Amino acid sequence: MHVYVNGTICPAEEASVSVLDHGFLYGIGLFETLRVYDRKLFLWDAHYARLSSGLLALQIRPAWSKEELKQAILRTVDANELRDAYVRLSVTAGAEGVGLVADGYERPALFVFAKPVAALQDPPQPKKLLTLSLARQTAEGHQRFKSHNYLNNALARQELGAKPDVEGLFLTHDGYLAEGIVSNLFWIKDGSLFTPALDTGILDGVTRQHVLKLAAQLSMPIVEGRFGREVLLLADEIFVTNSVQEIVPVQEIDGHLIASVYGKFTRELHRAYRHSIAMEE
C-alpha cells in the first residue's frame, strides 16, 4: 500500500507521524471514510462539509482547499493502481509538543490511505446484529465527531470478536438504540423508516443522511427518535449503513429472526442508492 503524507506519496511502511503530533498524543484529529467508484469520489461534498465543520470546532486551521484534498485522494488511489477504492482521509492537529493547546492548531498534518474493496454482492449479504454490553459513550463535546478518539469502538470490536457477518449494536447508557460499531441503524415498520435521533449521541453519518434523503424522495415516512431495543424485535425490515458497505440488510438480532430480510423497502432504498452512485458527477 502507498499512502499520502503531507504532499508526498510513499510506501506505507515508510510513512510516519511525529510523536509530538497531538493526533498521536491526545487523539485530536478527524477522519473521513469514503468510497471511490471508477475514480469518482462519492458524496464528496458531504464528506468535505462534515470534515470542515469538525476542523472548525476543534480549531484546526485547514491547510488545504476542497479541490486539493480531492486531488490528494485521487493521487493516492492512482498510486495504488485502483479505480474503485476504500479511502480514509485523516487530518491530525499537528506536532505541537507535550501539553494541551489553548489557541488552536496552525500546522495540521494530512494522511490519505486507499485500499481495494471487495466486490459488492447483489443482493447484499445480510448481517446479524448482536447487542453489546458496552454502552455508546456520549459525545465529548457538543456533537459527535468522526475523530481519532476511537476507543469506544475499538473496545466494542474486541467484545464482538472477529465475526465478519456480525455487527455490534450499541445502546446508550440509558438503554436506547444508538448505532453499530461502524454503521448507522435503520428499520422499517408498517412502511415507515425509523432511525435513532442524533441526540442519542450517534455519529451523523454521511451515508445515513444520504439514505434519509433517498427515503424522502421515495415518499417514505421518516421517524427519528429514542427507541428501546424491543422495537427491533417487532420490525418488518432492518438494515445498517456505512460508506464502504452501503446498505446492508440484517437477518437477525440477538438470535431473533427478522420478518423480512432484504425486504421491499430495503430493496427500494438499495436500488435508489446504486442509482445515485451512477448519477454522481
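Predicted model: local features only at pLDDT ≥ 70, side-chain atom pairs only at ≥ 80, totals over all residues.
Tutor: Residues are numbered from 1 along each chain as its sequence is written, and side-chain values use heavy atoms, with hydrogens and water left out.

Student: Okay, rings. Why is the pair of Trp-187 and Phe-194 called stacked?

Tutor: Rings of Phe, Tyr and Trp (its six-membered ring) pair if their centres lie within 6.5 Å; planes under 30 degrees apart count as stacked, over 60 as edge-to-face and the rest as tilted. Here the centres are 5.9 Å apart and the planes are at 10°, so Trp-187 and Phe-194 are stacked.

Student: And what makes Phe-42 and Tyr-273 an aromatic pair, and of which kind?

Tutor: Their centres are 5.5 Å apart with 65° between the planes. That is within 6.5 Å and over 60 degrees, so the pair counts as edge-to-face. The search of the whole structure finds eight aromatic pairs.

Student: Where do Phe-42 and Tyr-273 sit in the chain?

Tutor: Phe-42 is in the loop between strand 4 (40–41) and helix 2 (44–57), and Tyr-273 is in helix 7 (residues 264–279), 231 residues apart. Helices (H or I, at least four residues) and strands (E, at least two) are DSSP runs, numbered from the N terminus.

Student: What makes a charge "sit over" a ring?

Tutor: NZ of Lys or CZ of Arg has to be within 6 Å of the ring centre and within 35 degrees of the ring normal. The charged end of Arg-88 sits over the ring of Phe-31, 3.9 Å from its centre. Lys-115 does this over the ring of Tyr-86, at 4.8 Å from the centre.

Student: On to salt bridges. How do you know that Glu-96 and Arg-107 form one?

Tutor: A salt bridge is a side-chain nitrogen of Lys or Arg within 4 Å of a carboxyl oxygen of Asp or Glu. Glu-96 and Arg-107 have N to O at 3.5 Å, so they qualify. Both residues lie in the loop between strand 5 and strand 6, eleven residues apart. In the whole structure, the search finds 14 salt bridges.

Student: Why is Arg-107 called exposed but Glu-96 partly exposed?

Tutor: Buried means under 20% relative accessible area, exposed over 50%, partly exposed in between (1.4 Å probe, protein chains only). Arg-107 has 52%, so it is exposed. Glu-96 has 26%, so it is partly exposed.

Student: What about Arg-226 and Asp-174?

Tutor: Their closest N and O atoms are 3.8 Å apart, so this is a salt bridge too. Arg-226 is in the loop between strand 12 (222–225) and helix 6 (230–233), while Asp-174 is in the loop between strand 8 (166–171) and strand 9 (177–180), 52 residues apart. Asp-174, at 52%, is exposed, whereas Arg-226, at 39%, is partly exposed. Salt bridges that share partners join Asp-174, Asp-199 and Arg-226 into one network.

Student: Arg-208 next: is it buried or exposed?

Tutor: Its relative accessibility is 0%, so Arg-208 counts as buried. It forms a salt bridge with Asp-204, with the closest N and O atoms 3.5 Å apart. Asp-204 is partly exposed at 28%. Arg-208 is one of the buried residues of helix 5, which include Val-206 and Leu-212.

Student: How do you know that the length of helix 5 agrees with its residue count?

Tutor: The expected span of a helix is 1.5 Å times one less than its number of residues. Helix 5 (residues 206–217) has twelve residues, so it should span 16 Å; its end C-alpha atoms are 17 Å apart, which agrees.

Student: Last one: what makes Leu-100 part of a nonpolar surface patch?

Tutor: Patches are made of residues with over 30% relative accessible area and no salt bridge: like charges are joined within 9 Å, nonpolar side chains (Val, Leu, Ile, Met, Phe, Trp, Tyr) within 5 Å. Leu-100 is a Leu with 69% relative accessibility, so it clears the area cut-off and also counts as exposed. Its patch of about 720 Å² also has Val-19, Leu-20, Phe-24, Leu-25, Tyr-26 and Val-98. Leu-100 lies in the loop between strand 5 (85–92) and strand 6 (109–115).

Note on methods:
Areas by Shrake-Rupley, 256 points an atom, 1.4 Å probe, with all protein chains shown as cover.
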